[in-house]
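Please read it beside the sequence and the coordinates shown next.

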Amino acid sequence: MSANVISLDGLSVGSKDSLTKAMEAEGCSSSSCGSSDAPEDMDPATWEKVKDHPCYSEEAHHYFARMHVAVAPACNIQCNYCNRKYDCANESRPGVVSERLTPEQAARKVIAVANEIPQLSVLGIAGPGDSAYDWRKTRATFKLVQEQLPDIKLCLSTNGLSLPDHVDDLLDMNIDHVTLTINMIDPEVGTKIYPWIFYQHKRHHGLEASQILHERQMESLDLLHARGILVKVNSVMIPGINDEHLLEVNKEVKRRGAFLHNIMPLISAPEHGTVFGLEGQRGPTAAELKKLQDACAGGANLMKHCRQCRADAVGLLGEDRGQEFTMDLVPDEVTYDPAKRETYKEWVAKEREDRRAAAAEAQAETVSAVAEDSAAMLVAVATKGGGRINQHFGHATEFQIFEVDAAGVRFVTHRRCDNYCVGGYGEEDKLELVIKTLEGIDTILCAKIGDCPREDLAAAGIEAIQDYAFEYIETAVSAVYRAKRGLPAIARETA
Amino acid sequence: MSLQIIQSNCTVCGACEFECPNAAISFTGETYIIDPELCTECKGSYDKPQCAEVCPVPETCVPA
């Protein structure tokens, strides 16, 4: 099987040229080859499904919020990166949750959130546990929510072992997004990730377990694809175990019709109490992750804006307002008021058009001002959403990273700089963390920044710019690019 | 002839309740318990007790 694996060592990290060449070789015509595709790159029916889903559309994630409810805690497989006893309100990673809800409680919580957060467009059931295994609870929750909020998108995340049994139910409930976690297509690899599965009233171990899981996962993917349900495949990148193998996974899931592939870094620490954490299995570095993502260009489209959120997260990706909506804060009776969400949707439709127009305008200006082969640059952006430079530097817990060259502005990834689960960081420590986080990037755009941090950043070789406060990201990033890479006026005239 | 759930190990995921063929497992509001009157250790239904087979924590569903 290794004959099909492209060696990661032979590929350069993240260069635009190698990406472009790889995509040309594979016949991909989109410049970003990701979920940020605008309507012209996607058939209208698919765009209609994803345009308001923050996890499926990079553009949508600037405008729309998701919430997860933890109603189905039972699971049918054991993964070495999961510890079922964990719960910490300050911890942000998949599978972690602070309260488990009954379907009735969950439905009430969803309504309460919809009344407060007009950006809400998606309800997901994503663990802890497996949403398709504990199907009665997942189904009951979806039914209750759908009665009151018929326009909310329902989606679920599952390991696929039980999913083939419920595909008809998915269709009945108009669920058109499903995330399958697929970490391998070679059961031998699976043996290092899954100690056991529970299937048809029996616990299976070792190769047999991974063989069954693999077959059911492929069956799930095929069934969902055949019925027109969009499938996002999540894969956990585990260095030394499935990192190179994920290239094969990427190709196979694309071949079987997956819409999006989300390769996430393993989060692993001894204090998480997972098998991997206790064994000292490390997660990949940001550079290793990007290398793999770049190597996958031409396969299934990659999701690069995933925040690996908690299983009870509420809000825009990258923010979690879950603590505002714990069950003790949700009223016993809530009535849905659609006004706010409808107004917001109308506003977003117009705002998105304006942003696209602004981006096209900025792009045209860049084309006339820089040489076609100008080197690409990375720019960090502090944003609260809405596709604008609208966050104070000191409030940023993450930066969105954009790559810009003569061909345009593209979202690359986000980098977190919150020190969750540590706490007590002073200003200076935070700044050190930010500088570390921004490795390889020398420009940051924010709405405002104090003189002290700006000077400290400058000393570290990072220029913080607040001149583009509240501008669209594309407008601002393009302007910075032109300022840095623009041809001198004379050269422009003679060019 | 019955199994019991070691409370300090239980993650309250409910998989055991879901799998029990005798409806012997119920949620008390805080944790799951097995009714020894109803538990058959799955004899006659399955090869092994289902609660112990599905439980994610070792040594949690054990003979009483």
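1. Strand β5 (residues 177-181) of chain A is largely enclosed by the rest of the structure, because five of its five residues are buried. A residue is called buried here if 20 or more other C-beta atoms lie within 10 Å of its own, exposed if 12 or fewer do, and partly exposed in between, with the C-beta atoms placed from the backbone. Helices (H or I, at least four residues) and strands (E, at least two) are DSSP runs, numbered from the N terminus. From β5(A), A:His177, A:Thr179 and A:Thr181 point one way and A:Val178 and A:Leu180 the other way, all of them buried. In a regular strand the side chains alternate between the two faces of the sheet.

2. On provenance, this is a predicted model, in which local features need pLDDT of at least 70 and side-chain atom pairs count only at pLDDT 80 or more, while totals for chains, interfaces and linings use all residues. Residues are numbered from 1 along each chain as its sequence is written, and chains are lettered from A and ligands numbered from 1 in the order in which they are written.

3. Strand β4 (residues 153-158) of chain A runs parallel to β5(A) and is joined to it by four bridges; strands are taken to pair if DSSP finds at least two bridges between them. Within this pair, A:Thr158 stands opposite A:Leu180 in β5(A).

4. For chain A overall, the secondary structure comes to 15 helices and 15 strands, and buried residues make up 47% of its 495 residues. Of the contacts in chain A with a separation of 6 or more, 72% are between residues 24 or more positions apart, where a contact requires C-beta atoms, placed from the backbone, to lie within 7 Å.

5. The largest nonpolar core has 107 residues, of which A:Met67, A:Val69, A:Val110, A:Val178, A:Val231, B:Cys16 and B:Cys51 touch the most other members. Such a core is a set of buried Ala, Val, Leu, Ile, Met, Phe, Trp, Tyr and Cys residues joined through C-beta atoms within 7 Å. Helix α3 (residues 103-116) of chain A gives the most to this core, with six residues. Leaving aside neighbours within four places in sequence, A:Met67 is in contact with A:Val110, A:Val113, A:Leu120, A:Leu123, A:Ala313 and A:Val314. A second, separate core of 32 residues includes A:Ala362, A:Leu445, A:Ala447 and A:Tyr472.

6. An open sheet of three strands in chain A has the order β2-β6-β7, with antiparallel pairing, and its edge strands are β2 (77-78) and β7, each of which pairs on one side only. Helix α7 (residues 206-226) of chain A packs on the sheet, touching β2, β6 and β7 of chain A, and its direction makes about 110° with that of β7(A). Four bridges join β6 (residues 196-199) to β7 (residues 202-205) of chain A; A:Trp196 has A:His205 as its bridge partner in β7(A), and A:Tyr199 stands opposite A:Lys202. The two strands form a hairpin with two residues between them, and A:Gln200 in the turn has a positive phi of about 50°.

7. Helix α11 (residues 339-369) and helix α14 (residues 473-485) of chain A pack at an angle of about 10°, with their axes 8 Å apart. That angle makes α11(A) roughly parallel to α14(A), a label for angles under 35 degrees. Residues making the contact include A:Ala358, A:Ala362 and A:Thr366 of α11(A) and A:Ser478, A:Tyr481 and A:Arg482 of α14(A).

8. Two glutamates of chain B deserve a look. Most residues other than glycine have a negative phi, and most peptide bonds are trans. B:Glu41, in the loop between β3 (32-34) and α2 (50-54) of chain B, has a positive phi of about 55° and is buried, with 20 other C-beta atoms within 10 Å. B:Glu59, in the loop between α2 and β4 (61-63) of chain B, has a positive phi near 60°, but counts as exposed, with 9 C-beta neighbours inside 10 Å.

9. As for the interface, twelve residues of chain A are in contact with eleven residues of chain B.

Terms used:
Contact = placed C-beta atoms within 7 Å. Axes fitted to C-alpha atoms, helices over the stretch in contact; angles between N-to-C directions. Parallel < 35°, antiparallel > 145°, perpendicular 65-115°, else oblique.
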